[in-house]
Amino acid sequence: MVDTTIRTVGVIAYDETRVAEIHTKIAGWVERVSVDFVGKQVRRGQPLFTIYSPDLVATQREYLLALKADRQLSGSALAETREGARSLLTATRERLRLWDVSDAQVEELARTGEPRRTLTVYSPFTGIVLERNTFPGTYVTPETAAFKIADLSTLWVIGQVFEYELGMIRI
């Protein structure tokens, strides 16, 4: 057996299956950015930025009104009245959930009775910030990729070899 050394050029790339683009599900203005530069390491659950959305504030107020109506009408003799109040409460809670408002935040809203002005967006996993498109005062929409985060615990090395050298390469 003869040992052969092959010298080649390669590029290091991140695993594309371990990348997340962070989008908001509501439109609004970015108030505070906690992760302020590309290359910064973030942990799962770490706050990335806060967003103010008039729609979010209005829905929180609707939720509080629905909660009050549900409490007042829960003793109603009419089943339709009780069910209507309950379905309105469920619908507004579901809308908040679809906008990534956590159950803990909804419970805090019910406990305090005060709508939160902003929503905090958290990192979905541990990784490194590859792109940052969010700055204080920026108006973002659901189409806006606010951040791009990659888990760099696994990297790819993409090398270039000549076809005749393929038979000499082993993993």
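## Briefing: strands, spaces and selected residues

Strands β4 (residues 41-42) and β7 run antiparallel and are joined by two bridges. This is a predicted model: local features need pLDDT of at least 70, side-chain atom pairs count only at pLDDT 80 or more, and totals for chains, interfaces and linings use all residues. Residues are numbered from 1 along each chain as its sequence is written, and side-chain values use heavy atoms, with hydrogens and water left out. Helices (H or I, at least four residues) and strands (E, at least two) are DSSP runs, numbered from the N terminus. Two strands pair if DSSP finds at least two bridges between them.

**Strand pairing**

- Val19 has Ala150 of β9 as its bridge partner.
- Strand β2 has two faces: Ala20 and Ile22 are on the covered one, Val19 and Glu21 on the uncovered one.

**The open sheet**

- Four strands form an open sheet in the order β6-β5-β3-β8, with antiparallel pairing.
- The edges are β6 and β8 (139-140). Each has a single partner strand, so one side of each is left without a neighbour in the sheet.
- Strand β5 (residues 47-52) is joined to β6 by five bridges, and the two run antiparallel. Tyr52 stands opposite Thr118 of β6.

**The largest pocket**

- A probe the size of a water molecule, rolled over the atoms, shows where empty space is left.
- The grid has a 1 Å spacing and covers the protein atoms alone. A pocket is an open set of points with protein on both sides within 12 Å along at least five of seven lines, whereas a cavity is a set where a 1.4 Å probe fits but cannot get out. Lining residues have an atom within 4 Å of a point.
- The volume of the largest pocket is about 240 Å³. Volume here is the space filled by probe spheres set on the points, with grid points joined across faces, edges and corners.
- Its lining has 13 residues. Trp99, Asp100, Thr120, Val121 and Tyr122 lie nearest the centre of the largest pocket.
- Strand β6 (residues 118-122) gives the largest share of this lining, four residues.
- By class, the pocket lining has six nonpolar, five polar and two charged residues. Ala, Val, Leu, Ile, Met, Phe, Trp, Tyr, Cys and Pro count as nonpolar; Asp, Glu, Lys and Arg as charged; the others, Gly among them, as polar.

**The cavity**

- The structure holds one cavity of 30 Å³ or more. The largest cavity has a volume of about 70 Å³.
- The lining of the largest cavity consists of Leu56, Gln60, Leu96, Val101, Gln105, Leu109, Arg116, Thr118 and Leu119. α1 (54-73), α3 (103-112) and β6 are the elements that give two or more residues to it.
- Five of the cavity-lining residues are nonpolar, three polar and one charged.

**Thr59**

- Thr59 sits in helix α1. Its relative accessibility is 2%, so Thr59 counts as buried. Buried means under 20% relative accessible area, exposed over 50%, and partly exposed in between (1.4 Å probe, protein chains only).
- Not counting residues up to four places away in sequence, Thr59 touches Thr92, Arg95, Leu96 and Trp99. Contact means heavy atoms within 4.5 Å.
- Thr59 and Thr92 are 33 residues apart in sequence, yet 6.8 Å apart from C-alpha to C-alpha.
- The side chains of Thr59 and Arg95 make a polar contact of 3.2 Å. A polar contact is a pair of N or O atoms within 3.5 Å; within protein, one must be able to donate a hydrogen and the other to accept it, and residues adjacent in sequence count only if both atoms are side-chain atoms.

**Ser123**

- Ser123 is in the loop between β6 and β7 (127-132). Ser123 counts as buried because its relative accessibility is 3%.
- The Ser123 side chain reaches the backbone oxygen of Phe125 at 2.6 Å.
- Leaving aside neighbours within four places in sequence, Ser123 is in contact with Val42, Arg43, Arg44, Gly45, Gln46, Leu48 and Ile149.

**Trp156**

- Trp156 lies in strand β10 (residues 155-160). Trp156 is partly exposed, at 35% relative accessible area.
- Beyond neighbours within four places in sequence, Trp156 is in contact with Val11, Ile12, Ala13, Tyr14, Asp15 and Glu16.
- Trp156 and Gly10 are 146 residues apart along the chain, and their C-alpha atoms are separated by 9.9 Å.
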